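Here are my notes on this one, jotted down as numbered points. Have the model open while you read, and start with me at one pair of side chains.

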Amino acid sequence: MNNFILIAASLIILCVFINKLFLKMGVPVLLGFIFLGILVGQDGIFGIEFTNYNLVGNICTVALIFIMFYGGFSTNIKQAKPVLKQAALLAGPGVALTALFTGLFAYLCLGMPWLHALLLGSVIASTDAASVFSVLRSYNLNLRYNSASLLEVESGSNDPAAYMLTIIVLQLIQGKGDLQFIIKTVVAQIVLAIVAAWLISKLAAYLLNKMQFATEGFELVFIMGIALVSYALPSAFNGNGYLSAYICGLLLGNKQIKAKRELVSFWSGITGLMQIVIFFLLGLLSTPSLLPAVFNKAILVMLALTFLVRPLVVYLLLLPFKVNWRQLVLLSFAGLRGAASIVFAIMVIMQGEIGSEIFHITFLIVLLSLGLQGVLLPKVAKLTDMIEPGGNVMKTFTDYAEDLPVQFMKFRLQANHLWVGKKIMDLVLPPQTLLVYLENEKGVTVPNGETLLQANDKLILAAIEPHKMPGVSLSELEISEKHEYVGQALSELNLEDSLVVLIKRGDKVVIPDGRTVINAGDVLICNRG
């Protein structure tokens, strides 16, 4: 057990360094995790033979739930509103057409049986949210015509459609499905997912805003539970759990809830870990010695998908919107494959020999997609002049916040303070300031003019933060044991044109007045004008 923990810890730490190295190289970091899995796997240096597909399938299902939930939770619906129709077309009919056209190519050009070819097309039909988000954020690619929002919504929401197609085709291969089965499956999965997501997001938002968690940070644990419930509840009734998780995240992430930025940052870290897990397991499960047998098929499918199928689907579906040709080129090239395709391929590999072939074809396609499209996407955006000058792609995510010139000051009212016993409307506050927070024995409130201040109230005052203050020059003065200031009050010192604005005293910070006595070891922060 100890050896396992040591190996696992070493791999996690190594992933952190791989992340930093690949970012510097301009290569998608997810490639590094795949190669690390290969290195550890049965054909790698460590030679670990790992073929527990049931365990891996369960782990990857949970990981994909979190990725799907974050895909919705981090999407800013206001920024995406102008392109919602286009994104919906690409995420729904676009996935079906991609699966169909890719299946036709594999059937006609590669000689695969029709249902097997269609299964391959279904597995790789969706674009990968994790990869798209990673590239857009890493290179700050804010694209013209709301293209960044379009790609985010499409890639975040199209996995459920691919999952549904994969399940249906698997049933058809096993001889268990017909047209009636397909219609009932599609309707049930979509309706149950939407209803469950709406109910769960409403309840979660209410509880997050009303509940006072006994332990700090437990809202993060609570939201993890919500993500899992949003998948499990509709799935128990044959609904599409992945679609429910995405919609629930989308609805919840665009509601007014407490600590939203912290929640999105938390989910960003969790999703990053889930990506590491999925791509590492992909490399671990793969058998590189089997890749040459499917290499030609994978290359041909990858080229057809990237340069024929994806552009054709994008053109057909976005033609009514009169999309600029430069945007068409970029959107066509931005169809990265990744985590979801891996999870669906693991589902398929349990079906026998054909599953193994589809798994390894998918493995190579994901590898090539990340290596080719992930690396070249910023260059394609530049060549097509699709980068918005001065734009910030972070505005398309719900954890974005402008760097506003506002600063906050927190203080407690002493019993003898002039404000005690007065209403806020009766106070004479400095210009351009506002009391924004009050905490006392009754709890936390947002103060207004009628609020009566009491001794020991904790207040936060908001004020404009100037970028540059003429006449202000701060410097530090460290007081040694033999310094002449030791033991003297500030009012007794001859500071000439200086003002002591703050004293650092050990771990404490003191805002001084004339009666404050200087101690040895104090660090005075002075404004020398």
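1. Asp522 and Arg505 meet through their side chains in a salt bridge, at 2.7 Å from N to O. By salt bridge I mean a side-chain nitrogen of Lys or Arg within 4 Å of a carboxyl oxygen of Asp or Glu. Asp522 sits in the loop between β7 (508-510) and β8 (523-527) and Arg505 in strand β6 (residues 499-505), so the pair ties together parts that are 17 residues apart in sequence. Asp522 counts as buried at 1% relative accessibility, while Arg505 is partly exposed at 26%. The cut-offs here: buried is under 20% relative accessible area, exposed is over 50%, and partly exposed is in between (1.4 Å probe, protein chains only).

2. Some housekeeping before going on. This is a predicted model, in which local features need pLDDT of at least 70 and side-chain atom pairs count only at pLDDT 80 or more, while totals for chains, interfaces and linings use all residues. Residues are numbered from 1 along each chain as its sequence is written, and side-chain values use heavy atoms, with hydrogens and water left out.

3. The overall picture: the chain has 18 helices and 8 strands. These are DSSP runs numbered from the N terminus, with helices being H or I of at least four residues and strands E of at least two. Of the 529 residues, 46% count as buried. The chain exposes about 26,700 Å², and carbon and sulfur atoms supply 62% of that; the areas come from the Shrake-Rupley method with a 1.4 Å probe, and for residues only the protein chains shown count as cover. Among contacts with a separation of 6 or more, 77% are between residues 24 or more positions apart, a contact being heavy atoms within 4.5 Å.

4. How many salt bridges are there by this rule? The count comes to 7. One of the pairs is Arg310 with Glu154, whose side chains meet at 2.7 Å, N to O. Arg310 lies in helix α15 (residues 291-318) and Glu154 in helix α9, so this pair ties together parts that are 156 residues apart in sequence. Arg310 counts as buried at 6% relative accessibility, and Glu154 counts as buried at 2%.

5. Compare that with Lys423 and Glu450, whose side chains form a salt bridge at 2.9 Å, N to O. The pair links distant parts of the chain, 27 residues apart: Lys423 is in the loop between β1 (406-412) and β2 (433-440), and Glu450 in the loop between β3 (443-445) and β4 (458-464). Lys423 is partly exposed, with a relative accessible area of 32%, and Glu450 is partly exposed at 48%.

6. Back to Glu154 and its helix. Helix α9 (residues 147-157) is mostly covered, with 11 of its 11 residues buried; Glu152 and Glu154 are among them. Helix α5 (residues 84-91) packs on α9 at an angle of about 35 degrees, with the axes 8 Å apart. Axes are lines fitted to C-alpha atoms, for helices over the stretch in contact, and angles run from 0 to 180 degrees between N-to-C directions. The contact is made by Leu84, Gln86, Ala87, Leu90 and Ala91 of α5 and Leu150, Val153, Glu154 and Ser157 of α9. Those residues divide into 6 nonpolar, 2 polar and 1 charged; Ala, Val, Leu, Ile, Met, Phe, Trp, Tyr, Cys and Pro count as nonpolar, Asp, Glu, Lys and Arg as charged, and the others, Gly among them, as polar.

7. Another helix pair to look at: the axes of α3 (residues 53-73) and α13 (residues 241-253) come within 6 Å and cross at roughly 35 degrees. The residues of this contact divide into 11 nonpolar, 5 polar and no charged. Glycines take part on both sides, including Gly71 and Gly72 in α3 and Gly249 and Gly253 in α13.

8. Last, two backbone spots to check. Asp385 has a phi near 55 degrees, a positive value in a residue other than glycine. Lys322 lies in the loop between α15 and α16 (325-333) and counts as exposed at 77% relative accessibility. For context, most residues other than glycine have a negative phi.
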